[in-house]
Amino acid sequence: MPRTRYHAAQFGGSADEVEVAFYEALQQGDLEQLMACWADEDDIVCVHPGGPRLVGAAAIRQAFELMFSQGTIRATPERLRRVETLGAAVHNVLERVDQHSAEGTRRAWVVATNVYLKTTQGWRLVLHHASPGRSEVAEVSEPAPLLH
């Protein structure tokens with residue numbers, strides 16, 4: 001049986017694979033796959049744009065359940081920036097969010113930080129923090145200043 005991304009989120013894999021599974025779950029409205037991406041820890045945290053800090057699996061599940069009752073979330077990660085160590089990975093992504101309605105498709109941009117820890121179950125999400133972005137040009141890069 002080929003290893004699916006859902007199984008990667010359930011049984012191990014890399015932080016990148018868990019992130020793919022997380023965004024697939026958003027796009028498919030799959031609450032079980034989405035929750036399989038999260039660590040089994042009391043202090044996991046999720047912040048949606050303009051929303052409160054959600055702490056713990058029950059609060060996070062309830063929020064996504066409510067969101068999925070309105071339809072799937074067409075969030076596509078773009079321009080990933082990552083910092084990884086042996087046991088932690090921090091991913092910052094620009095999310096393109098397409099909202100479909102009777103009037104047509106509206107596009108929004110969200111800047112999200114996803115933090116993954118390597119647990120006994122494999123890589124798991126411990127923080128998803130999303131903020132509204134202004135446009136697809138929501139990134140500014142400049143050279144680091146010289147210290148001497």
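Leaving out its neighbours within four places in sequence, H91 is in contact (heavy atoms within 4.5 Å) with A15, D16, E19, L80, R81, R82, E84, A112, T113, N114 and Y116. H91 lies in strand β4, where helices (H or I, at least four residues) and strands (E, at least two) are DSSP runs numbered from the N terminus. With a relative accessible area of 0%, H91 is buried; buried means under 20% relative accessible area, exposed over 50%, and partly exposed in between, with a 1.4 Å probe and protein chains only. The C-alpha atoms of H91 and L80 are separated by 6.6 Å, although these two residues stand eleven places apart along the chain.

This is a predicted model, in which local features need pLDDT of at least 70 and side-chain atom pairs count only at pLDDT 80 or more, while totals for chains, interfaces and linings use all residues. Residues are numbered from 1 along each chain as its sequence is written, and side-chain values use heavy atoms, with hydrogens and water left out.

The protein chain as a whole contains four helices and six strands, and from the N terminus on its elements follow the order α-α-α-β-β-α-β-β-β-β. Of its 148 residues, 36% are buried. Among contacts between residues at least 6 apart in sequence, 48% join residues at least 24 apart. The accessible surface comes to about 9100 Å², of which carbon and sulfur atoms account for 53%; such areas come from the Shrake-Rupley method with a 1.4 Å probe, and for residues only the protein chains shown count as cover.

One of the residues that H91 touches, E19, belongs to helix α2. Which side chain of opposite charge is nearest to E19? It is R82, 6.1 Å away, and E19 is buried yet has no salt bridge; here Lys and Arg count as positive and Asp and Glu as negative, while His and the chain ends are not counted. A salt bridge is a side-chain nitrogen of Lys or Arg within 4 Å of a carboxyl oxygen of Asp or Glu. Not counting residues up to four places away in sequence, E19 touches L80, H91, V93, N114 and Y116.

R82 does form a salt bridge with D16, at 3.2 Å from N to O. This pair links distant parts of the chain, since R82 sits in strand β3 (residues 74-84) and D16 in helix α2, 66 residues apart. R82 is partly exposed at 44% relative accessibility, and D16 is partly exposed with a relative accessible area of 31%. The side chain of R82 also meets that of E84 in a salt bridge of 3.5 Å, N to O, and E84 counts as partly exposed at 41% relative accessibility.

The structure holds six salt bridges. In another of these, R96 is joined to E78, the closest N and O atoms being 2.2 Å apart; R96 lies in strand β4 and E78 in strand β3, 18 residues apart. At 18% relative accessibility R96 counts as buried, whereas E78, at 22%, counts as partly exposed. E78 and R96 also belong to a network of salt bridges that links them with D98 and R107.

In soluble globular proteins, nonpolar side chains tend to be buried together. A nonpolar core is a set of buried Ala, Val, Leu, Ile, Met, Phe, Trp, Tyr and Cys residues joined through side-chain atoms within 4.5 Å. The largest such core here has 33 residues, and those with the most contacts inside it are F22, L26, L34, W38, I60 and F64. Two or more residues come from each of α2 (15-28), α3 (31-36), α4 (57-69), β4 (88-101), β5 (104-119) and β6 (122-132), and α2 gives the most, with seven residues. W38 touches F22, I44, V45, C46, I60, R124, L125, V126, L127 and H128, not counting residues up to four places away in sequence.

Strands β5 and β6 form a hairpin with two residues between them. The two strands pair in the antiparallel sense over ten bridges, and two strands are said to pair if DSSP finds at least two bridges between them. T113, one of the residues in contact with H91, has H129 in β6 as its bridge partner.
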